[in-house]
Amino acid sequence: MSSRVQNIRGMRDHLPSAMILRQHIINTLTSVFERYGFEPLQTPIVEYAETLDGKIGDDEKLIYRFEDHGGRKVALRYDQTVPLARVVAQYQGQLTFPWRRYAIGQSYRGERPGRGRYRELWQADIDIVGSASPVADAEILAVLTDALTALGFTGFTTLISHRQVLGGIARVSGLDDASAGNVYRAIDKLDKIGIDGVRNELLQSGVTPDAAERILALIDLYGSADDVLNELAQRLQDDERAQQAIDNLRAIIGYARAMGVPEERIAIAPRLARGLSYYTGAVFESIIQEPPMGSLLGGGRYDELIGMFAGRSIPTVGLAFGIERLHDVMEALGMGPESRTIAVALVTLFNPEMAMESLGLAQELRRAGLMIETTLDPSEKLGRQLQYADRRGIPYALVLGPDELARGEVVVKHLRSGEQRSVVRSAVASMLHAAAEAQRTPRIANEQGGIHER
């Protein structure tokens, strides 16, 4: 066995400072989800391999598979979507549709680790099961907008397209379904290889120069949502399925605006070519420009997957927030809670004789809802106790000596400034609550990636 102590590549340990940011992300997302009526769901990390087989498209090779001790072929959860489909089929008699659900937890993918890509990843999924209405799609857009805003993002854009818009682009360019697959794969690389790179890939796959130029002109449309949709409607006027998709996108955008989604947060992007093996309608992803990390989240409408389990068509729309992506971006931008500490104050132990009184004070403050640490060694010198609090990043130290006890006071010392004052014991909790609230004020990213207080 190797003497080197390490974790598996692509899987991370999250030390307390990182966990505080991650918990902030999860708590914020959960709060937004539940405001919209989404209910929590948890499924096992391990599923039967046959549950995942044939459901994930080209990425199926990334599934972690193994045999358990009983010889059963099982697999680690790849995402939260396929388990949702199984749950709906298994418990559909116990569920009320439309059903709004959220799920937060780990998934596992055997891919090459890289920036923003891990083999163990946390995702936060929301889905609306059992509604084909564009209002459901719009609600998903409203949730993601509120969630990213609550986390402190101000410079994000949600790109939106439709499976049949992309199909229409291929069809009006004279391509059959077999050739269209090469078009989709080339378009999906636009952000990485640029327009010229996409043109070369299209030509190499057998697309004629004229067809390639028509495709490039359509996927490179830019402007307001209404302008781009109008332009698409004109250029794809001979494709009935594309026209229906454009009407669907118009309805989704209209409902999203009614729900308060700002105009500048939405962009129609015909080039969006995600998840074409399972998305059947609108697709979307949210991006930021800095730092370059790819999409923060993605989703869309998939009306067939759950039916593969349930034996009947069950329309569904949803999205997945990548907790790893959000964590890495927010860490890079200095977003989230400003302080990485847990406790707002350390209650020191003045001496062994006063230890009982000080521990009682700490418990009194905890019962008031404050996060408090105490020194554990009553004989430790006060100076070393203060040094410990300072290293931990705890902002305040409380000292209760014989004189303070007699006066009904506590010495409150602000460790960063060195300022200290005596506070009436009954007022200490309210003072620390105010300090803790200020400590929790999150920093948010402005349009240029800078940070300011909310």
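The model is predicted, with local features requiring pLDDT of at least 70 and side-chain atom pairs pLDDT 80 or more, while totals for chains, interfaces and linings use all residues. Residues are numbered from 1 along each chain as its sequence is written, and side-chain values use heavy atoms, with hydrogens and water left out.

Glu-120 belongs to strand β6; strands (E, at least two residues) and helices (H or I, at least four) are DSSP runs numbered from the N terminus. Between Glu-120 and Gly-10 the C-alpha distance is 6.6 Å, although 110 residues separate them in sequence. Beyond its neighbours within four places in sequence, Glu-120 has contacts (heavy atoms within 4.5 Å) with Gly-10, Met-11, Arg-12, Gln-106, Ser-107, Tyr-108 and Glu-324.

Strand β6 pairs on the criterion of at least two DSSP bridges between strands. With β5 it runs antiparallel, joined by ten bridges, and Trp-99 stands opposite Val-129 of β6. Strand β11 (residues 316-322) is also antiparallel to β6, over seven bridges; here Val-129 has Thr-316 as its bridge partner. Nine of the ten residues of β6 are buried, that is, under 20% relative accessible area (1.4 Å probe, protein chains only).

Arg-109 is located in the loop linking β5 (99-108) and β6 (120-129). Arg-109 is buried but lacks a salt bridge, the nearest side chain of opposite charge being Asp-79 at 4.9 Å; a salt bridge requires a side-chain nitrogen of Lys or Arg within 4 Å of a carboxyl oxygen of Asp or Glu. For charge, Lys and Arg count as positive and Asp and Glu as negative, with His and the chain ends not counted. The Arg-109 side chain does reach the backbone oxygen of Tyr-78, at 3.1 Å. Residues up to four places away in sequence aside, Arg-109 touches Leu-62, Tyr-64, Tyr-78, Asp-79, Tyr-118, Arg-119, Leu-121 and Gln-123.

Of the contacts with a separation of 6 or more, 68% are between residues 24 or more positions apart.

Note on methods: Buried < 20%, exposed > 50% of the residue type's maximum accessible area, 1.4 Å probe, protein only. Polar contact = N/O pair within 3.5 Å; in protein donor to acceptor, adjacent residues only side chain to side chain.
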